[in-house]
Amino acid sequence: MSILPAAGARFAAQTEVAVVGAGACGLVAALMAKEAGAEVLVFERDAAPQGSTAMSSGMVMACETRFQRAKGVADSVALMAGDILRKNHGEADPAQVTAICRESGPAVEWLADRHGVPLDLVEGFLYPGHSVLRMHAPPSRSGAELIGAFTRAAEASGIDIVTRAQAMALHADGDGRVAGLRYRRPDGAEEAVGCRALVLACSGFGGNKAMVARHIPEMAEALYFGHAGNQGDAMAWGTALGAALADMGAYQGHGSVAHPHGALVTWALMMEGGFQVNAKGERFSNEHRGYSEQAVDVIAQPGGIAWDIYDSRLHALGREFEDYRQAEAAGAVFSAASAVALAEKTGLPPEAFARTVESVAAMARGAARDPFGRDFAAKPALAPPYHAIRVTGALFHTQGGLAVDTKARVLRKNGEPLPNLFAGGGAARGISGAHVWGYLSGNGLLPAVTLGRIAGREAAALARARA
Ligand SMILES: Cc1cc2nc3c(=O)[nH]c(=O)nc-3n(C[C@H](O)[C@H](O)[C@H](O)COP(=O)(O)OP(=O)(O)OC[C@H]3O[C@@H](n4cnc5c(N)ncnc54)[C@H](O)[C@@H]3O)c2cc1C
């Protein structure tokens, strides 16, 4: 991933706005840039747009939407920004968080109403730290459906997505102004395209083991559950152009990936009354702090595994999620009429496990307090038959990246923007602060969609002004 001189570069074609990466950020940026009147080309290393976006649950956090109003949910930019900043203990930039929250509602309505992306408000449970219902997802609650809708919208808008095209180098002048990019085809052939503005939407560095070991050592050996193509290219180019990196130790972990099946088990099970035990049959944390930091706690348990424990009410809730249905189809769900029978099926120590189930029941009745500080009384007590899934903790997505401003412009170390470089989603500094515990559910797709939209608008304006 190198920077080549702009002077003397020969470009086979020219576009106004070039976008690297066809995940949520890249496709939203392209849709917006096109709508703003710019010629757009998207370059994607894979054969079809997928990215971590396709692997996600497709939950887009947004406030003040017509979907919320239709269900009587009162939300605001201030309330959502407050939830995000509370989770990261004020470590994120409040101006950036507010700009992203302000963009979120219009972005979701625009995607649904103008581009036919089938988003609706997700009801039935709140994610940790959410004051109100504000997740918007497609019916299957899967990122595959989301990226499919984005791709169809891009095609319908006449946007060319150049697939099997891995961006390898940027051409830039001494001032950091990008003149174009070089990309490589699977057969090794290289081509170069010139541009007036560039959007880096090629996400973070979760697929780059050396970068993870350097910036997030605690997850160096953990399962990486995001897109393998996210190799930190945006950070490499940005750094070479003099851009600042920020919050590189921040990431989205998850404490509930079915193991060894490799399917995401929704945290809704935990939020609505389920709990986790380790191989000794004992609880080890407050599951309601958040699924991101739970990844670290699960990995610290014997064998790096835990068991999600829940009942038939929650089994039905889980089945609303495509990932859960896949886990079930793969044989990940164990079911039994009693705690002891479930222990026999799963290999958990029966006495210790039965004691844990009884202690959770006592907390749900209000007869005991959770030593980890969780309030079990707020949800219905679990009732037999019980269900269990063996899970591990995983790294989903890195949250640190290129420093950007509220216009998605990539910033130099002195805070000045580079001339024509924009970034969003996993390529940019996120809104989760500097640690794993700062991730509020939804902090992944939110900056992908909103910064993507802002970057598309701003890149188009810049490119058109230079036309
Ligand atoms: C299992 C899982 C579940 C999740 N669920 C949610 C959720 O429900 N809600 C939420 O908010 N967040 C969720 N996230 C996080 C969310 O998926 C990411 O934050 C989001 O998808 C990032 O979008 P992006 O467009 O920046 O990156 P991506 O979607 O990863 O897209 C980046 C694209 O860039 C391409 N690329 C990389 N390098 C190059 C290159 N050099 N040249 C060309 N192309 C390149 C990649 O191939 C990829 O297609 C989840 C993550 C995972 C892993």
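How do the residues of the shell around the ligand divide into nonpolar, polar and charged? They comprise 17 nonpolar, 20 polar and four charged residues; here Ala, Val, Leu, Ile, Met, Phe, Trp, Tyr, Cys and Pro are counted as nonpolar, Asp, Glu, Lys and Arg as charged, and the others, Gly among them, as polar. The model is predicted, so local features need pLDDT of at least 70 and side-chain atom pairs count only at pLDDT 80 or more, while totals for chains, interfaces and linings use all residues. Residues are numbered from 1 along each chain as its sequence is written, and side-chain values use heavy atoms, with hydrogens and water left out.

The shell around the ligand holds 41 residues, of which Glu44, Ser52, Thr53, Asp233 and Leu445 come nearest; a residue is near a molecule or strand if one of its heavy atoms lies within 4 Å of it. Several polar contacts, meaning pairs of N or O atoms within 3.5 Å (within protein, one atom must be able to donate a hydrogen and the other to accept it, and residues adjacent in sequence count only if both atoms are side-chain atoms), can be listed. A nitrogen atom of the ligand lies 2.9 Å from a backbone N or O atom of Ala167.

Helices (H or I, at least four residues) and strands (E, at least two) are DSSP runs, numbered from the N terminus. H2 gives the most to the shell, with four residues.

Strand E18 also contains His387. Is this residue buried or exposed? His387 counts as buried because its relative accessible area is 4%, where buried means under 20%, exposed over 50% and partly exposed in between (1.4 Å probe, protein chains only). The side chain of His387 makes polar contacts with the side chain of Ser312 at 3.1 Å and with that of Ser335 at 2.7 Å. Beyond its neighbours within four places in sequence, the contacts of His387 (heavy atoms within 4.5 Å) include Asp308, Tyr310, His315, Phe334 and Leu342.

E18 pairs with strand E13 (residues 251–258). Their pairing is antiparallel over six bridges; two strands pair if DSSP finds at least two bridges between them. Gly253 has Leu395 in E18 as its bridge partner. Of the eight residues of E13, eight are buried. E13 is also joined by two bridges to strand E14 (residues 263–264), in the antiparallel sense, and there Val257 stands opposite Leu264. Four residues lie between the strands of this hairpin, in which Gly262 takes a positive phi near 70 degrees.

A separate open sheet consists of three strands in the order E4-E6-E5, with antiparallel pairing. Its edge strands, E4 (60–61) and E5 (120–121), each pair on one side only. E5 and E6 (residues 135–137) are joined by two bridges, and Asp120 stands opposite Ala137 in E6.
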